[in-house]
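Please look at the structure shown here before reading on. The text below walks through part of it.

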Amino acid sequence: QPIQPPTGGDLMKILVIEDEKDVRLNILEILASGGFDSINADNGLTGIQLAKERSPDLIICDIKMPDFD
């Protein structure tokens, strides 16, 4: 069953960690069109920092990443 954005005041926060810019932007566009609040990082270290600071509901992460694999 697909993940649905919450129907209340807060949107589901999704962190996207992807080093390839075109892929990352495509994922962010899809999430935005679905009504999700998304944040993104272009490397693993930044992704970990954002995950600690923003406590996302879901993390979508590439496996092979620069700076932190």
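The model is predicted.

Three residues of H1 are buried, namely Arg 24, Leu 28 and Leu 31. They lie on the same side of H1, because the arc they cover around the axis is only 65 degrees. On the face turned away from the buried side, H1 carries the exposed residues Asp 22, Glu 29, Ile 30 and Ser 33. The packing partners of the buried residues of H1 are strand S1 (13-17) and strand S2 (37-41). Just after H1, Gly 35 has a positive phi of about 85 degrees.

Beyond S2, the chain reaches Asp 42, which sits in the loop between S2 and helix H2 (44-54). Asp 42 is partly exposed, since its relative accessible area is 40%, a value between the cut-offs of 20% for buried and 50% for exposed. Asp 19 is 23 residues away from Asp 42 in sequence, yet their C-alpha atoms are 4.4 Å apart in space. Leaving out residues up to four places away in sequence, Asp 42 touches Glu 18, Asp 19, Arg 24, Met 65 and Pro 66. One of these, Arg 24, is also among the buried residues of H1. The side chain of Asp 42 also makes a polar contact of 3.1 Å with the side chain of Asn 43.

Key: Residues numbered from 1 in each chain as written. Predicted model: local features only at pLDDT ≥ 70, side-chain atom pairs only at ≥ 80, totals over all residues. Heavy atoms only, no water. Buried < 20%, exposed > 50% of the residue type's maximum accessible area, 1.4 Å probe, protein only. Helix = DSSP H or I, 4+ residues; strand = E, 2+ residues; numbered from the N terminus. Arc of directions from axis to C-beta. Contact = heavy atoms within 4.5 Å. Polar contact = N/O pair within 3.5 Å; in protein donor to acceptor, adjacent residues only side chain to side chain.
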